[in-house]
Every structure is written in structure tokens, then in C-alpha cells.
Amino acid sequence: MTTLNQAAASPIIDAARHNERTERRLTRVLPLVAWSVRADGQLDESAPYGGFLKDISADGVEFELHSESPIAQSTFVIGVECPDSVTRYAGISVRHRSECANGTRFGAAFDGIANSVLEERCRKPFLDEKLFQYRLPFPPTVYESWEAAGILKRSVLDRVMLCPRCRSVPTFRFACRNCRSGRLDHSLLIHHFPCAFVAPSTDFERGEDLVCPKCLTKKLVAGTDFEFMPGEFTCRGCGWKDQDLEQTGHCLNCETRFAAHQAAEEELVGYDAQRLDPLALLSIVE
Ligand SMILES: [Zn+2]
Ligand SMILES: [Zn+2]
Ligand SMILES: [Zn+2]
């Protein structure tokens, strides 16, 4: 026996419903706010316009903005008050416009610079391969203006250690604490257990054999007769000898070497946004 629920789950009926959904139009108007966006991506300093979303599809929107005089701008970010009380944002560029009772009516597509700023890849810092610096695709003033309007929300993604001189990304190594060179020789010590003698391993080498220079015991066996111990580092750059090394940064941009504790610590900041998904909106309004 086929119940109603089973019928609803059939692929044919699902496909029919899907078509109906993508063809469907907005059944009621929704309030929106529209900020004009300049060619460089920054929000226009003038107050945003109020208006209504009239229709929406996967490609674009139809909306009205209220104003006393005709509206000339062509690039906007719109914030639509969705029925679930969340304001969602979309970047658009105007394709056609006409005068209406309270102002201007627009047809617009989801593209242009306002749409780009909202794209996820433009809201996260990336590593500039020339300068080895983290940066966002647009200038900071763009994000600041969108954040001030409440469209973007600043979010700390990570903390990174950078060159204290130029803020580029360094590599790190353990290096000579005198000249910061990583060109080092590391001696290995042998500790002979029975006589407690400790000396560089080279002092024990007699051809193929290991012989203790102090007590003259031959054929020493590792683990049973002796242990290896870390010896001193000798810097090939400056001749400095030391038991310990210092964690050292090397900037990939300006080539400065610095002690790791002197690195500039910086927050990597990105921006979150509630983006307007046309098809999701149509299903909410149902
Ligand atoms: Zn050195
Ligand atoms: Zn010995
Ligand atoms: Zn640097």
C-alpha cells in the first residue's frame, strides 16, 4: 500500500516540486536596506536607502528604494529582513531601473564589486607570495566601512609570529645565539660507564674499534659499556661554542634574523557575513 508520505518521497514528484520552487516568485514583499557601494568597494558615506524586496531568483533581485529624488547609483549591498528575523546581505549591480510611486524600482544581478566583497574568499586573509605578508584582497578601509554598517563581523582566525621589522612571514630554526647562523657542528660525547670518563666520540675512535682513552678498555659496546650524550655546538660562522641554541627567525622578505621571542605577534582577522541565499529565502517565505 502506498501512503501519502511515500508518494511525496518519489523522485518524480520531488523533481516537479524542485522546478516549481525555482520558478516560484516571492509571495510577499520583504523590507530591505540598501547601501550604495563605491567603485573601490567602500560603502558610500551617505545614509542607506530603505525599501522593499519585490522578487528574487537565483540570478538577481527586483526591489524598490524610497527617495525624494531619482537614485543614480548602480552598485549596492542590500540587507533583506528575512521572515526568520535574520538580516541577510547580497551584493548587486543594477541592470535596469524605473521610477515608481515612492522612489526608484530596480532590477539587479548578483555580481560586481559589492558581490565580490561578500564572497567567502574575499573575507579571509591570504599569503601574498611576493611580500610573504598576510592580507585581505581589498584595502582595510573597505572592510571597516562594511563592518561599521553592521554587514561584516570581524572575527579573529589565528595568531601568527611575524618579522618585527617588516611584518612578513619568517621561518624558524635553532641557531647560534651569537651570530644567529644555522651552520653548526654538533659534537657527540661518549660516557664510559665503568670509569665515568666523558669525552667527544672522536677521542674514542681507534680505526673500527672504540677504546676508552682513560681506562684503555677496548671493544666498547653502546648501551652496555657507554652512552652517547649531546655535546657542544660549534658555529661555523663565528666559532662560538655553546651547549644550547636559540630559536631564531629569518624573515622571508627583508632577511632579518631575530630571536623568536622578538617576533611580532599578530592576529589574523577575517570577516563573517550572513549571505542571502535566494533559493533558501524562497523556501522560507513559502
Ligand atoms: Zn655564530
Ligand atoms: Zn673508561
Ligand atoms: Zn622582515
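**Note on the predicted model**

1. Confidence. The protein has a mean pLDDT of 91, with 91% of its residues at 70 or more, and the coordinates discussed here are those of a predicted model. Among the elements, strand E17 has the highest mean pLDDT, at 98, whereas helix H1 (residues 4–8) has the lowest, at 42.

2. Where pLDDT is low, the predicted coordinates should not be read in detail.

3. Overall dimensions. The radius of gyration of the protein is 34 Å, while a compact globule of 286 residues would have one near 19 Å. Taken along the principal axes, the C-alpha atoms fill a box of roughly 105 × 65 × 25 Å. Of the 286 residues, 24% count as buried, and among contacts with a separation of 6 or more, 63% join residues 24 or more positions apart.

4. Secondary structure and one sheet. The protein comprises five helices and 19 strands. Three of the strands form an open antiparallel sheet in the order E10-E17-E18, in which E10 (170–175) and E18 (257–259) are the edge strands, each pairing on one side only. Neighbouring strands of this sheet are turned by 35° against each other on average, with direction ignored.

5. The E17–E18 pairing. Strand E17, residues 246–251, pairs with E18 in the antiparallel sense over three bridges, and histidine 250 stands opposite arginine 257 in E18.

Terms used
Residues are numbered from 1 along each chain as its sequence is written. Chains are lettered from A and ligands numbered from 1 in the order in which they are written. This is a predicted model: local features need pLDDT of at least 70, side-chain atom pairs count only at pLDDT 80 or more; totals for chains, interfaces and linings use all residues. Two strands pair if DSSP finds at least two bridges between them. Helices (H or I, at least four residues) and strands (E, at least two) are DSSP runs, numbered from the N terminus. Axes are lines fitted to C-alpha atoms, for helices over the stretch in contact, and angles run from 0 to 180 degrees between N-to-C directions. pLDDT is the predictor's confidence in each residue, from 0 to 100. The radius of gyration is taken over C-alpha atoms; the globule rule is 2.2 Å times the number of residues to the power 0.38. A residue is buried if 20 or more other C-beta atoms lie within 10 Å of its own, exposed if 12 or fewer, and partly exposed in between; C-beta atoms are placed from the backbone. Two residues are in contact if their C-beta atoms, placed from the backbone, lie within 7 Å.
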